[in-house]
Amino acid sequence: MTHDDLWKAVLGQIELSLSKANFITWFKNTNLLEVSDGKALIGVPNGFAKEWLENKYNTHILKALRTLDPSIQSIRCTISLSDPHTNQQPKPISRSIDAAIPRNENTETANSFVRKKLIEKPSFSSEGTSVSLQKEVFHESSLNSRYTFENYIVAENNELAHAACHAVSQNLGMLYNPLFIYGGVGLGKTHLLQSIGNEVMRNHPEKRIKYITSERFTTELVDSIKNQKIDIFKEYYQQMDLLIIDDVQFLSGREKTQNEFFHIFNALYQINKQIVISSDRPPKAIGTLEERLRSRFEGGMITDISQPSLETRIAILSSKVQEKGLSIDEDALRFIAQNINQNVRELEGALNRVIAYCDFRKIPANLANTEKILVELLEKNRKNISTESVFSTICEYYSVEHEDLIKKGRKKEISHPRQVLMYILRQELSTPFSTIGDMLGGRDHTTVLHAFEKINKEKETSPKIKEELNQIKERLYYIS
Amino acid sequence: MKLICTQENLTQALNALDRVVGKQSSLPILSNFLFESENGRLKISATNLEIGIIVFVGAKIEKEGKFAVPARILSQFVQNLPQGEVLELELKDGQLLLKSGSSDMKIKVLDGKDFPIIPTFKKEYPVILLAQPIKQALSRLLFCASNNESRIELTGAQFLFEEKQLSIAATDSFRLAEEVLKYNQAKESILNGEESKSLIIPINTLQEISRSITPEVEELKVAIEEHQLFFEIDNVQIVSRIINGRFPDYKQIIPKEFLLRVALEKEALIRSLKIASTLSAYNTGEIALIFNPEEENCTVISKSQEIGENSSVLMGDFLKGAGPLTLIFNPRYLLEGLSAFSSKKIVFSANTSSSPATFEALEENEENKAEYVYVMMPIRKEYA
């Protein structure tokens, strides 16, 4: 048993005998540093915890420790700091050191321009740790240089979105403003968004770019209100040439944030500054979004990213393999692509898992091994959903009552959800037709069969139905 | 527990403790003061688990004991008693009975043994600093520190102990202030054979220290043990964490030589900056200072497209200066910096429109030169 495991076990025991507040106050960030000669040394974050643990909880801790390791006779605490900030380089000041050394005064390069702005303007982002220029720019824009147009795989599912983003990056504020991109989890919205930022940064380093998630935006807003710096906050955002807001659906229900965002949006929009927004659903489908914001979102260009086809998924995997210089069988790639069809991020995850496992075991990454490795992952995915969760998801999605689905009613509002429900139960859980019929108030299995075939056909012909099914599946698998 | 104490003594002690009383509701005991008797003295403690303060109060202890009493209620009661009253405190059946000449009160109290133990330093303090110069320095430095938790090292002030001097500095990366104190006594250094030692002390802690240094306090005792800082100021003990991080190497950015040095009337400069900032506040928060050595003056200009523009001319004493020079600043940083000076005249120094500029006090006699400097970065930009 390692020290970490031992300490976790001890904490597990202690947690039971203390109130939650007490437990968190005193045992957060503690760890077991060493055990020698029957003495246990415990690392604690501050002097208060040290005194309290040594004087008040010592018997508790000792008892718990001794049930696991009877050789321990006594405990002692020491203050151990594991501060992540120690490795940080000094930032803005070091930049002003650069700026301070009087060299070539006249060469006002783009470089120093950016740097200067960073020093003087209040920066609301907290990321960015290094000194190089590239990274300095992140400091403000929070962009990740890993995401570029070059390594984005374009296929029929994202063609339009990609083209729109690329066009926007070449003509800031002139073509599609605002640009609104929506699509499911892990389909590459963030990648596209960041690509715009990175492209603009490369071509026009003097432009001020800000990439921010709506979540972070809200937090900053709240902070600025708290510190009474709301003016600085507004001013800061209104100076951007390109503002990228990711996951805007999280603004739903936050009225004050929406209000501030609305004003910033207007200020930027009026002077033709580019705004790019992403969300997991179209503006219409974002609940409790103020009408005026919604209409503004819809005023520019709206484009979606749908799920990638099998060919695209294979292409994505191959490019990852190439990019990282990995070796894996074609068949194995195909297997991964076939079995993981929802989400590009998961696709990458599965690939990484296979590669890491094979590397670790020193076995070739072929089809047989891949199947073995992923079997567990795929199982897990399936297990996540149950008949109940399908029912509740459908009810929630279509806003219908559980009972209505079971009743005889044949109104379209009810019958369509019922048919989708049957389809999902069959398709995703492989429930027998007759069982599905029984669950839905004793319907005949041919009714179920008819529904299944109807939806299956409509799925191919109607994009609306296809989108519905995808969204339902997404809710089923990801938001549990 | 039973004791008798003057209202004045108790008010003073509670004031020193008030600010560190914990506000989080997760551990309700933290919103209490801990009263206990120790060696015939009354000891009152408060903590928010970041800072702990212990105050010893002159009182007559009639019966030993220990209890925790809700801080807000007790403070309110004691503060509003008439001055000069004598207070009797008695613990009876889990309630605290307070009796003064004019008013009585009963408060439910908590068991003192649930109150966090505040770490104390039990040995002799190795470092003793002169308290008043520290207090003065802190009053001119602390406003420069950052409150942005993402750069934790800037939320404190750096105490840099060197062989002959102690430099204290604070910055939020837009401006910086430093004060250098020369040691007068042997025990003022913390060095143990090392060349220099840097400590970053949280601003909150320094504010408490500054508050506890009353005009009659002479010494500030300091000790470090196990990543904790201990201070003793007469009858007050403070314990705090040290900020773990690297303070920027700011000494490099303070220029040693200047091309422009001009002495200005402080009050006149403050007035023109305040006028100028009324316009700039609506705009970008920028004003321009134009120095003209040939005409021996300095012009403060601010412009706002929506509102209008303003310019004021100040006469200056140019100690050094080549050609005209324009610098652009955020007026807030200038005004805050100026408010730290007590002298009538200040010296503004700069090299170029894009390198750090400083304020220093102008002392009549060079010997007495104050070791305080306020550094700010101009905004580099064409001012149209």
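Two residues count as being in contact if their C-beta atoms, placed from the backbone, lie within 7 Å. The model described here is a predicted one.

**Chain A overall**
- Chain A contains 23 helices and eight strands, and of its 480 residues 34% count as buried.
- Where contacts in chain A join residues at least 6 apart in sequence, 69% of them link residues at least 24 apart.

**The sheet of chain A**
- Five strands of chain A form an open sheet in the order β5-β6-β7-β4-β8, and their pairing is parallel.
- At the edges of this sheet stand β5 (209-213) and β8 (301-305) of chain A, each of which pairs on one side only, while the twist from one strand to the next averages 15°.
- Within the sheet, strand β4 (residues 179-183) of chain A is joined to strand β7 (residues 274-279) of chain A by four bridges in the parallel sense, and Leu179(A) has Val276(A) as its bridge partner in β7(A).

**Helix packing in chain A**
- The axes of α10(A) and helix α12 (residues 255-270) of chain A come within 10 Å and cross at roughly 95°; angles of 65 to 115 degrees count as roughly perpendicular, and α10(A) and α12(A) are therefore roughly perpendicular to each other.
- On the α10(A) side this contact is made by Phe217(A), Thr218(A) and Leu221(A), and on the α12(A) side by Thr257(A), Glu260(A) and Phe261(A).
- Helix α14 (residues 310-324) of chain A and helix α16 (residues 344-361) of chain A have axes that come within 11 Å and cross at roughly 50°, and the two helices are therefore oblique to each other.
- The crossing of α14(A) and α16(A) is right-handed, with Arg313(A), Ile316(A), Leu317(A) and Lys320(A) of α14(A) in contact with a set formed by Val344(A), Leu347(A), Glu348(A) and Leu351(A) of α16(A).

**The sheet of chain B**

**Helices of chain B**
- Helix α1 (residues 7-18) of chain B packs against helix α2 (residues 71-79) of chain B at an angle of about 140°, with the axes 10 Å apart, which makes α1(B) oblique to α2(B).
- The crossing in which α1(B) passes α2(B) is left-handed, and the residues making the contact include Leu10(B) and Leu14(B) of α1(B) and Leu74(B) and Val78(B) of α2(B).
- In helix α6 (residues 331-338) of chain B, the residues Pro331(B), Tyr333(B), Leu334(B) and Gly337(B) are buried; because they cover an arc of only 165° around the axis, they lie on the same side of α6(B).

How values were computed. Residues are numbered from 1 along each chain as its sequence is written. Chains are lettered from A and ligands numbered from 1 in the order in which they are written. This is a predicted model: local features need pLDDT of at least 70, side-chain atom pairs count only at pLDDT 80 or more; totals for chains, interfaces and linings use all residues. A residue is buried if 20 or more other C-beta atoms lie within 10 Å of its own, exposed if 12 or fewer, and partly exposed in between; C-beta atoms are placed from the backbone. The arc is that of the directions from the helix axis to the C-beta atoms. Two strands pair if DSSP finds at least two bridges between them. Axes are lines fitted to C-alpha atoms, for helices over the stretch in contact, and angles run from 0 to 180 degrees between N-to-C directions. Angles under 35 degrees count as roughly parallel, over 145 as roughly antiparallel, 65 to 115 as roughly perpendicular and the rest as oblique. A crossing is left-handed if the near helix is turned anticlockwise from the far one by less than a right angle, and right-handed if clockwise.
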